[in-house]
Amino acid sequence: MAELHPLLQVLLLQAGYNTIVVMLGAAALGAATGVVGVFAMLRRRALVADAVAHATLPGVALGFILAVALGFSGRNLSFLLSGAALTAVLAALSIQWIANRTRLTEDTAIASVLATFFAFGIVLLTVIQTLKTGGQAGLDIYLLGATAGMLREEAITLALFAIAVALIVALLFKELTLISFDADYARAHGFPVRLLDLAILALVLVVVVIGLRIVGLVLIVALLITPPAAARFWSDHTGRMTVVSGAIGAFSAYFGAAISAISPDTPTGAVIVLVAFFLLLASIVFGTARGLLVRAIGARNLRRAA
Amino acid sequence: MTIHPLSVKNLTVRYGGRAALDNFSWDAPERGLAAIVGPNGAGKSSLLKAVLGLVPKAAGRVEIFGKPISEQRDLIAYVPQRASVDWDFPATAGDVVAMGLYRRIGWLRPVRAADHAAARKYLDMVRLGDFADRQIGALSGGQQQRVFLARALAQQAKLFLLDEPFAGVDAVTEGVMTGVFRELRNAGSLVVCVHHDLSSVQEIFDHVVLLHREMIASGPVGTTFTPENISRTYGVPLALNPGNG
C-alpha cells in the first residue's frame, strides 16, 4: 500500500492517540466558537469579544505568578485560565461602565480597554521573564496558540466545556434569536433581554478562555466571527446557519490542529484562522443562500424572464 | 367603573433634561381603533415606549386592564417601527411570525412543526401565506410590515400597540391592515397606532389622541379631530384665525 502523505495520515486519525485527542478537542472548541459566534455576530458583540480576548493576557500572567508563588508549576492550566477569566470579566465590566457612565461611545471604550489590558499583560510577561523560575517560555503559546505538548486531560476538559456551551445555546436558542433580531420587541413582551445579553457575553468569555491554549488570545475572535460570517452565505435561517457555523468552526480547528501536529513550530491559532478564512472565501463565492454564483445566476434568470 | 385596556396617568418622559412627554394622561376606550397623532418630536413613540417600559418614566403611572404591565404581558402585542430592525437577519417570514408564539411555547422548548403551521395561519390572515419561507429581506416594505402585524396577531392579545404601521406601505398593505384592524375591533380588542398621516385618520380610526409633548385633546374622531385641535397640536395658525399670526 502506498504511503499516505503525513498530513493525510494525521487528518484520518492515524497519528498517535494523544494527537487524536488534541485534534478532536480542537474540533469541539471550533464547534463551540462557531455556535456562540452566531450570536456574537448577530447581536454585534464581535469587538467586545476581541477586547475580552486580549484582556485575558494579564490574567494569564498573574495566574502564572500566583501559581509559582504558591509552589505549583507555572504552566498549571487551572491557574492560568482562572486568571484569564478574571481579567476578561474585569475588561467586560470596564467597557460597560465606560459606555454607560461617560459620554464616550462604546467603540472608544472597547478600543481603549483592549489596548490597556493587553499592554498590562505584555508588561507582566516582561516581568515574568526576569523571575528566577522555569516555564516562562511556555507562556507565549497563549498569544498565538499551540497544540504541541498539550495533555490528553487538558484536551478532554476543553472539549467538555465546549459541549456544555453548545448545549446552553441550544436550550436558549429561540430567546437568543429573538433578542438578536428585535430586542425592543423582546423587552416589551417581558423577555429578560439584559440577562440574555449577559448569557451571550458569558458564553463568549468561556469559549475565549478555553480557546486560549489552542488558538491563542490574539486570534480567537476570528474563530468566533469567521464561521458565522461564512455560514450566512449558506442559509437564510438562524437555526441552519448555526449548524453550518459550528461545522465550519469544527473543521477549521480540526484541520489547523492537524497541520500543527505535523509541523509543531507553526502557531496553531494562525493556521486555524487561515483555514477558516479560506472557507469564508469559498462560502462567499459558492454559498447556496447568498453566494456570488447563485446571485449571478438569479440575476441572469431575471434578465431572461424580462 | 370600567377597566380601561390602557390607562396613563401624569406620565412624563425625559431624555437628558428635555421632556419628550409632559404630564400626559389618557384613559383609552374599551375597544376600537385609536390614532396617536402629533408633529415630529411630539413624543408619540416615547409614549408607546414608556407604556411598554422600554424607556424609563420620569413620573406617572401606566396600567393595562387595571394592573401594571409586568403582570399583563400576555394581553399586549407591540409592533415596533419597521426601520428598527435589521431585515438582513437570517430569518424567514414564518420564523418572525413564530416569535409571536415564543411566550406560549415557553423556555427551553424548541419551535416545533405545529408552531410553524400556526405561524402560517397568521401569515394567511395578512395575505402572505405563500411567503412563509421567504427571507425577510426579500420582502417589500409593505410585506415586512404585514409580517410584523402577523407576529402581533400570533400573540392573541387584547391590546395592540403599533408604532407607525402605515409609514411607507403600499395600497394593498394599507387595505389588508385596515381590514385586520376592523376584525380586531369587532372581536373586542383595542388597537392603538402612532400615526403620521392626517389625511387618513378619519377613514381608518374611530378615536384620536392629539399630542404635542402634552395631551392636546382626545376622544372620538368625529368630535375631536377638528381643525382647531389640529392647529393647536401642530402650532400652525389657521386661516380662520388671521389675527394671531
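## A walk through a two-chain model

B:Val8 stands opposite B:Trp26, a residue of strand 2 of chain B. That pair is a handy place to start exploring this predicted model. Strand 1 of chain B, which covers residues 6-15, pairs with strand 2 of chain B in the antiparallel sense, over six bridges.

In chain B, three strands make up an open sheet with antiparallel pairing, and their order is 2-1-4. Strand 2 (18-27) and strand 4 (59-64) of chain B each have a single partner strand, so they stand at the edges with one side lacking a neighbour in the sheet. From one strand to the next, the twist averages 20°. Helix 1 of chain B, residues 44-52, packs on this sheet and touches strand 1, strand 2 and strand 4 of chain B. The direction of helix 1 makes about 110° with that of strand 1 of chain B.

Next, let's turn to the nonpolar residues. The largest nonpolar core has 111 residues, and B:Leu123, B:Val126, B:Phe160 and B:Phe181 have the most contacts inside it. Helix 2 of chain A (residues 17-42) gives the largest share of this core, 14 residues. What does B:Phe160 touch, leaving aside its neighbours within four places in sequence? Its contacts include B:Ala77, B:Leu153, B:Leu184 and B:Val192.

How do the two chains meet? In chain A, 27 residues are in contact with 32 residues of chain B. Between them the chains bury about 2600 Å², with 64% of it on carbon and sulfur atoms. A:Lys174, A:Phe181 and A:His189 supply 31% of the area that chain A buries against chain B, more than any other three residues. Three salt bridges are found across the interface of chain A and chain B. B:Asp88 also forms a salt bridge with A:Arg290, and their closest N and O atoms are 3.1 Å apart.

Finally, a look at the backbone. Most residues other than glycine have a negative phi. B:Phe65 has a positive phi, near 45°, and lies in the loop between strand 4 and strand 5 (76-79) of chain B. Is B:Phe65 buried or partly exposed? It counts as partly exposed because its relative accessibility is 22%, and buried would mean under 20%. B:Arg213 has a positive phi too, near 65°. B:Arg213 sits in the loop between strand 8 (207-212) and strand 9 (214-220) of chain B, and with 36% relative accessibility it is partly exposed.

Definitions and conventions: Residues are numbered from 1 along each chain as its sequence is written. Chains are lettered from A and ligands numbered from 1 in the order in which they are written. This is a predicted model: local features need pLDDT of at least 70, side-chain atom pairs count only at pLDDT 80 or more; totals for chains, interfaces and linings use all residues. Side-chain values use heavy atoms; hydrogens and water are left out. Two strands pair if DSSP finds at least two bridges between them. Helices (H or I, at least four residues) and strands (E, at least two) are DSSP runs, numbered from the N terminus. Axes are lines fitted to C-alpha atoms, for helices over the stretch in contact, and angles run from 0 to 180 degrees between N-to-C directions. Contact means heavy atoms within 4.5 Å. A nonpolar core is a set of buried Ala, Val, Leu, Ile, Met, Phe, Trp, Tyr and Cys residues joined through side-chain atoms within 4.5 Å. Buried means under 20% relative accessible area, exposed over 50%, partly exposed in between (1.4 Å probe, protein chains only). Buried area is the accessible area (1.4 Å probe) that two parts lose on being put together, summed over both. A salt bridge is a side-chain nitrogen of Lys or Arg within 4 Å of a carboxyl oxygen of Asp or Glu.
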